[in-house]
Amino acid sequence: MQLPNQKTLSIIVNFAIGFFFLSLLNMNGGYNIAPTLLAVLGLSYSIYGVIKKWQWSLSKEDKMLIYSYLFYFATFIISFVVHQGKIRELDNPSRVLLFIPMFLLLLHIPPRLNTVLYAIPLGAIVAGITAIYDKLVLHSEMAFSSRIMHIQGGDISMSLGMFSFAIGFYFFQKTQLKLTALCILAALFGILGSILSTARGGWPALPILLIALLWIYRRNLSKTFFITLIGLFTLAIIGITQMPNNQISERFAAAQDDIQQYLEQGNGSTSVGARFDMWQSVFIMVQEKPILGWGTQGAPQKRHQLAEQGIISQYAGQFTHAHNQYLDDLSKRGIVGLVAFLAIFVIPLRRFMPGLKSDSAETKLIATLGTLHVLAVMIYCLSQSFFTHNSGNLFYFFLTIVWYALFTTQQGNIKKMA
């Protein structure tokens, strides 16, 4: 088996990662291309390494990440066997296994920091322009909806915006003011894309992640920068709300009305009300089968049964997932499945968080990007079954590995310099 040399592999890896950010939301299935390429390359690389009997020299943290992925997939296998599920249930979660050889590849052929420093802001700008095109030219009700499920697209666009903010703070530390301004502009484009998607589930992430970001960089940024940023942000929000066909006010008003109807009339046939009913159905399910849940097929059937009994609305009873990833995993794979799901967040988060206090601007940035990524997806999962979609799986696992590999490489570089 012959593989390209390390220099060629590095070019392929960095091209794929850069392409990932640029193609996420403006191409049909754009989120598939780079992960698929690197998964195939990682598998070939790992097989070659086994044949050559390489010593992988994995750290305890590296092994913990791999174990968390294996445990996560194992819960789907257990559920499949116990509940006599259908083989297609394993299709989406099985892809997490392909991220393990990809992880080994990126640990040995790591991405370059410069790749993400420039690809992410450009990707955020592309996302914002795509959303504007969808709304103003195609007159779509929801930006990105012709290429990806619009809630997923809005969440991903929000992440690109927040990543761009973090990179802007990094460039400000380096006194590269033109690049700082470009990144802040890119961040606003990414946020704009999320707003024009009309997917409300990602909007709560904005203030939470922005506060977290400002807290992380509180000692590195001047008061003038903070005041200027807040002023620009306020002007941008005002400008976005004045755009034609943005539907922001309508979406907020609709959510408020849905909540009021649910509290006063128990109406579970609205968008928000159905979510409340679906969440109620999970609490009923978990009381009966708390350990391993009801299975991928059993949970929707039980929800439908609850609707037939009049416990939840007929509208809520038709959904196959709970519109909350934590509760969905709890209903389908029980406490075991929920623990495995939380592990894929907690383990990388524990890896990144110590780097937030680093004196190295590069280490701090990578740790910030990793932390923002995990926190953002955790927030998206509160109102959306983010991982039931292939786009959610690929986006989360792929970027977690990219940030992890970058972080590990940067730490290694610091140790060499010490």
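**View 1. Helices H2 and H5 cross in this predicted model.** The axes of helix H2 (residues 30-51) and helix H5 (residues 99-108) come within 7 Å and cross at roughly 80°; axes are lines fitted to C-alpha atoms over the stretch in contact, with angles from 0 to 180 degrees between N-to-C directions. H2 is therefore roughly perpendicular to H5, a term for angles of 65 to 115 degrees. Helices are DSSP runs (H or I, at least four residues) numbered from the N terminus.

**View 2. Residues where H2 meets H5.** Contact means heavy atoms within 4.5 Å. On the H2 side are Pro-35, Leu-38, Ala-39, Leu-41, Gly-42, Leu-43, Tyr-45 and Ser-46, and on the H5 side Pro-101, Met-102, Leu-104, Leu-105 and His-108. By class, this contact has 10 nonpolar, 3 polar and no charged residues; Ala, Val, Leu, Ile, Met, Phe, Trp, Tyr, Cys and Pro count as nonpolar, Asp, Glu, Lys and Arg as charged, and the others as polar.

**View 3. The largest nonpolar core.** A nonpolar core joins buried Ala, Val, Leu, Ile, Met, Phe, Trp, Tyr and Cys residues through side-chain atoms within 4.5 Å, buried being under 20% relative accessible area (1.4 Å probe, protein chains only). The largest has 115 residues, and Phe-21, Phe-165, Phe-387 and Trp-403 have the most contacts inside it. Helix H17 (residues 390-417) gives the largest share of this core, 13 residues.

**View 4. Surroundings of Trp-403.** Leaving aside residues up to four places away in sequence, Trp-403 touches Phe-21, Val-116, Ile-120, Phe-163, Phe-352, Ile-366, Leu-369, Gly-370 and His-373.

Residues are numbered from 1 along each chain as its sequence is written.

Technical notes: Predicted model: local features only at pLDDT ≥ 70, side-chain atom pairs only at ≥ 80, totals over all residues. Heavy atoms only, no water. Buried < 20%, exposed > 50% of the residue type's maximum accessible area, 1.4 Å probe, protein only. Helix = DSSP H or I, 4+ residues; strand = E, 2+ residues; numbered from the N terminus. Parallel < 35°, antiparallel > 145°, perpendicular 65-115°, else oblique.
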